[in-house]
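This report describes the fold of one chain and then turns to its contact with a neighbouring chain. The sequence and the structure are shown first.

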Amino acid sequence: MGKIEFDIAHLVAGGLVLVSLLLLYQDRMFALLRFFAGHAVVLSLAVAWQALIQDKPELYITAAIALAFKGVVIPLALYRIVVRLGIHRELEPVVGVGLTMLAGIGLIGLALVVILPLTSAADPYAREDLAFALSVVLLGLLMMITRRNAVSQVVGFMSIENGLILAATGAKGMPLVVEISVAFSILIAFIVIGIFLFRIRERFDTVDVGALDSARAEGERRR
Amino acid sequence: MSWFSLHAPAFILGIPAAAAALLALMPGYRVTARINVAASGLTLLAALALLGERPAPGHFLLVDDLNVVFVLLNAFVGFTTSWFSASYIGHELETGRLTPLYLRFYHAMYQVMMFGMNLALLANNIGLMWVAIELATLTTVMMVGIYRTHEALEAAWKYFILGSVGIALALFGTIIVYVVAQVAIGPGLDAMAWTNLVQYGGRFDPALLNLAFVFLLLGYGTKVGLAPVHAWLPDAHAEGPTPISAVLSGLLLNVALHAVLRFKMVMSTNAGVLAPGPMMITMGLVSLIFAAFMLYRRRDIKRMFAYSSIEHMGIITFAFGMGGPLANFAGLLHMTMHSLTKSAIFFAVGHVAQIKGTQRIAEIKGLTVTHPVLGWGLVLGVVAIAGLPPLGIFMSEFLLVSSTFARDPLLAIPLVFGILVAFGALLLRLNSIAFGEPVGSTARSDASYVPMFAHLALVLAAGLYLPAPLVEWFENVAKVLG
Amino acid sequence: MALIGELVVQGVQMTLVLLLAPLLTGIVRTLKSRAIGKAGPPPLQPYRELLRLIRKEPVVAEGASWLFRAAPYLIFAGIWVAAALVPTFASGLLFSWSADLIAIVALLGSARFFLALAGLDVGTSFGGIGSSREMMIASLAEPATIMIVFTIALIVGSTQLSSISAYTASEEIGLRVSLALSLVALLMVAIAENGRIPIDNPATHLELTMVHEAMVLEYSGRHLALIELAASLKLVLYVSLIACIFVPWGMAPPGAGLGAYAVGLASYLGKLLAGGVVLALFEMSIAKMRVFRYAEFLGAALMLGLLGTLLAFVSRSL
Amino acid sequence: MPLTVALYGVLGLAIVAVAGAVTQRGALGRPLVYGLSAAISATLLAAGLDALLGALAPETATLPLGLPWLGARFRLDALSALFLAVVNLGALAASLYAVGYGRHEHEPARVLPFYPAFLAGMNLVVLAADAFTFLLSWETMSLASWALVMAHHREEGNARAGYVYLVMASFGTLALLLAFGLLAGAEGGYAFDGIRNVEHAPAVKALVLILVLVGAGSKAGLVPLHAWLPLAHPAAPSHVSALMSGVMTKVAVYGFVRIVFDLLGPPVWWWSVVVLLLGGVTAVLGLLYALMERDLKRLLAYSTVENVGIVFIGLGLALAFRANKLDWAAALALTAALFHVLNHTLFKSLLFFGAGAVLAATGQRNMERLGGLIHRMPKTALAFLVGAAAISALPPLNGFVSEWLTFQAVLVSPQLPQWGLKFLVPAVGAMLALSAALAATCFVRAFGIAFLGRPRSPEAAGATETDRWSLGAMFAFAALCVLAGVLPGHVIDALSPAVVSLAGARMPVQAEVPWWSIVPIAESRSSYNGLLVFAFSAISGLLAAALIRGFATRRFRRAPAWDCGFPDPRPETQYTADSFAQPIRRVFGTHVFAARERVDMPAPGDTRPGRFRARVHDLVWDRVYAPVAKAVEYGARRLNPLQALTIRRYLSLVFFSLILMLAVLAIWR
């Protein structure tokens, strides 16, 4: 792997982290969806670049799936759900955006601290790639726990998946099994989420998970 | 015979898969329930064949001492649960909690789940195992939500989200393991095979291996039900159909634990890593003590026993974290006994819930008066799960506690504390459920008592006498686990 | 032959204590009356009372059980045996080794046990009061006694009364603080156990202050006679006990001749008389306590006994 | 040979248990189960006595059960044989008693299967020779007895009794488990032979001692671990109460002796300090509790606590002497303790049998509702009286002999070199004396209130004498109480093989002493002859009776009670159990029970009734158990919200765990 290839891969992966951070920064639903589409696009770029430099054409499929499915289909679907269900257009963050961003940067720092200084034997690209992927995963998790809105949680979850794909494609020669399984799991995840959203729609006015939680019939909270 | 033995894995996987397809197509719950039992029974027979000759490990499948324990247990509990389920599920149809369509779905999903779990256990490939566990999880998610009540959907949703996050973490860990392994082994499928990982584990980069183990422990630990990543477990057990609760507690947790153990084996081949033991010990103890306290304020009988599962998975994880021949043996024994006992308890609870029409502990009293057989069966089950002799869990707790205290007294203190606190809670509830003035319906239950007492008989027998071949086998596994 | 001789001596002692018991009670009564300027009964009055009681037909309360009628004999037997085992004029009697000091104390306990039960048998409130108080007193007095026994046993190395008296009579004993303490404690216990002032007043029938008299309230006739005789015997026993342990001089050694027995007898009578005088004077000069001060009185005895034991260690180790 | 017999006996009991479960409904079940249990117990008793008196060499056996690589090991040595005999003596009587008493059982199905299992568990404990078998049997014994405690589960308070019991039992077992863990080491050498041959570090031995005190002590009822005992023992059917109090506590003592005297190797002197203090406090407190109790069976249970204290005083003394190589004195103290073990089995079983008979006849355990039973149940009353006298340590009965021996052992204490022990032992002796005196008070109260006086309730007035089987069991034990008291030398000699094996020495051979006296050390020091005291007392009593009746009058007349001229026929005017205990409550209660009395005396002219209220607190419960329960409750309450968090918060838990572990990784390097 040449220097330039490495740099480009590095750049794209870094871009994915950046988009993750930006995702964290959004406080409007539609902006969030747009940035998520962007996230998917950057991911597909990263995957495509890996396909190129590793000379593994099957990775283009993954890239295409990421682009088409996560970059277009899902944002649109979520957009329709938001519109049709009359979900609040504003995200309800648990802690302030500033604080979330700060935490996000801290997480990236943690990811780098954990991976970069430690690794000697693994090949450098995989190492960098893992660090970025870990950042994306952690940021996705952070997003899931700092947003009350179910749609934004789903977005957070999908950005975790994106991080995973980034890591998986970065791993040299990782059998296709994994990519397919990731795509497969996303597919199933989405179907099931859709089913649930549908059912939840029947019974609740909002898909806000918090509202769902508060309607629990577990008598134990009320002693 | 040997041909059969060598191809047993194919049968173990093929029978459930075929049965799932068949069941999805067939109407009429009486027939499908029987087919479900028959398929599970055949799977059990196939699993028994593994006791004979074993096929050599391939790229995708592997049969060794360790997973044969799990597969056999899986097939056995799967079979008895399907038996119980067949006699149980009709009542759900009568009360209108399930429709025939959903029942069809239920039976098909049951076999898919068995397929997923067996695959996860037999896989020689960390990716394949991950996929299989994911499959099993997704099917159980749907089973948990099958009653479509608020609570059931909520539990399923919780399970789904938390399970998905867990599985994502596990995947990340798996990828890291591959990244480390491909340096030593070379890219491709070989770098994902257990056999290779264990063989070359010493050459892996220890730092990355540590990182991977953190993700794997948390990720698969979610499935095992370790605190603080346990949250899906109580609700999923409480709201799903009782046979599923039995399978979840008895099997799925073990399957996830099997994954953790495999990775621990890889870790233990590497001298440079941060020992996985302390992490497992910590999580085990946290789960044990946390669940012990949580047992006290439970009002739902199934949720209570779900917490008891967390407690026991904590003990088992602790045991494997301690390592060494004695603790590993105790861990294996405890796991086996817990599976049998806990599923027996859930069978009993299923009867109780059907008779009384409620799962609320406050509305179930004096069971030994109105239903002596069921009541005493439940007493026996709870006594067993509480670790009293002469039942099997006593033996494993005996070995674990005594050996831990001799090795590291400070670790034994929280262990004993947790066991005692949990014991107090279980007994408190048992007192009111089994004894005192009866409350609620005194109707008879249609469901079969055979699976429950079969399990309890095994647990009782194991508490008094372990056959030498079994012991030898467990000892081998304990040695492998290091 | 020697055995018969020893049996005779033992028999003489048993009869002696039995015969002397009412006399000692009578002497104390007479002395007390005289000392406060009354004429008082003659010292032989208790004998007359006993004979009279024995001849009378007893009245047994309705609802009294067989225990009520058996108890006087049991009480009498227990105390008599105990009294017979305490060396009086001679030590080392034939049966003295069949019970040591601890056993003697316990024998008295047996008698008390049945007396208290008898108090409860009829089901009257006074009987209950008496039994309850008696047992409370005993439950403090007995440990105090045992502590005294410990002290003595630690110094002497034996709980056999014959060995003890032999030891204290010998030269090696010297003056010991712990012995003095236990003497005081033993005196206090003796007062309590015999129901004397300030713990109890044998002459009173004022309901709320009675202990012993309350218990035997329902008794009459020969039953009462036995109980009264047993009470007198107990007094003799305690005086003999104190004499035997603390002033053993004059006592005939084992297997001595008739002369020694005569000396022993004379000195024993002297000691009894002295005991009676001291008791009368003491009772005269002190007022009765309130019931719940007993615990302090006996607690003091217990503490003295314990202190004596501990000091015995110190003095022994010196 | 005896061991084989014993193991077959246990197997037989297991089969009887199954038979009990099967035949529970039929009328056949009761005689079958109890009859067979009695027969097996008799066989085992014979086996135990054979091994003990025949001074047979220790016998071992290994069955392919239990821990796979170890097997279930059994050993019958002198100590085991002694306790085997004690256990089965109690079991035999209880089974015979139950043949009659079991008739009153409403729900035999809840008793019959567990009774033989309970017996089997106790027998196995004394036979076990490896840690696993020992604990398995131990806990089986607990479990079976728990089921028996829960037999009358519908009665108020029994559920709580069963709960506290099993939790404490489990606690004790875990303590023993830890002790065995230390003894066996990390390699798992669980066989007693192996443990015996290993020299353990002093710290390990000390820790084991503490753990065994907790483990065996909680089962035996040492204060402050006794709390379950007065709840559970009375809750069971009376023949089971007798077994629990009379026999199971002895099995606990066996556990202590086996581990501390046998397995642990030579003792250190300070161990005895701990044991003596615990024993002394237990003895006194047990009785004070008993004196505050109205419930007849609970009173007996508290008295068990006291007697266990006495046994532990003896054991503590034996430890002190052994640590200082005074083996002959250790033999004396140990003999005293073991003698008391036997005695307590005899009289406590007898008393519980009596209480059971009363309970069956009147349906009452509350003494305030009893009274006058000596008229309605004269035979039961006589047997109970013998038991009460024996437990009050009155000569010439057996209870006195063991206490006397303990006192003799206390008197050897000046020979101990440690000053701490020199001072402590007499103080413990004072506690022993106090407890003996209080025991007399307590049993005067128990017998006097329950059996004497006038009936305090219609049930008591209408009671009828109990059946022949029960009476047979009671009188057999009463006779044994007298016999062991009158001929103590024979018992001491019978105990000597066990004593020799543990103390390394024995008491002088008593059979050689003339007149069947007992001489613990030397005749000049102390001696006691129960036979002579008995004969003497009998002769003098009879003599007095003969003289008086012969020369004066033998007539008597019945008349209303005198009662100082104020007889009141109402039974409520009698002294009650509470009023009897009032002086003791005044003296000790203020400190021990934080007892408070409140008197509400209306002013003259005021017509409302005067009221008197006395409250006693169980300080051990308040200070030890209640805080633990509260702490657990607090923990459960504080953690409970974790059950009902939102998914987002659960995810936060996952997230923070992950961050924590990553941070650990980052820092670790």
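## Fold of chain D

Among contacts in chain D between residues at least 6 apart in sequence, 80% join residues that are at least 24 apart. The model is a predicted one, and in it chain D holds 24 helices together with five strands.

Taken along the principal axes, the box that the C-alpha atoms of chain D fill is roughly 105 × 70 × 60 Å. The radius of gyration of chain D is 27 Å, which agrees with the value near 26 Å that a compact globule of 669 residues would have. Of those 669 residues of chain D, 62% count as buried.

## Contact between chains C and D

The contact draws 72 residues from chain C and 73 residues from chain D. On the side of chain D that touches chain C, the elements that give two or more residues are the helices α14 (373-376), α16 (398-410), α17 (419-451), α21 (530-551) and α22 (577-592), along with the strand β3 (557-559). The element that gives the most to this side is α17(D), with 16 residues. When the residues on the side of chain D that touches chain C are sorted by class, 44 are nonpolar, 20 are polar and nine are charged.

## Strand pairing across the contact

Within β3(D), D:Ala559 is the bridge partner of C:Ala61.

Technical notes. Residues are numbered from 1 along each chain as its sequence is written. Chains are lettered from A and ligands numbered from 1 in the order in which they are written. This is a predicted model: local features need pLDDT of at least 70, side-chain atom pairs count only at pLDDT 80 or more; totals for chains, interfaces and linings use all residues. Two residues are in contact if their C-beta atoms, placed from the backbone, lie within 7 Å. Helices (H or I, at least four residues) and strands (E, at least two) are DSSP runs, numbered from the N terminus. Ala, Val, Leu, Ile, Met, Phe, Trp, Tyr, Cys and Pro count as nonpolar, Asp, Glu, Lys and Arg as charged, and the others, Gly among them, as polar. Two strands pair if DSSP finds at least two bridges between them. The radius of gyration is taken over C-alpha atoms; the globule rule is 2.2 Å times the number of residues to the power 0.38. A residue is buried if 20 or more other C-beta atoms lie within 10 Å of its own, exposed if 12 or fewer, and partly exposed in between; C-beta atoms are placed from the backbone.
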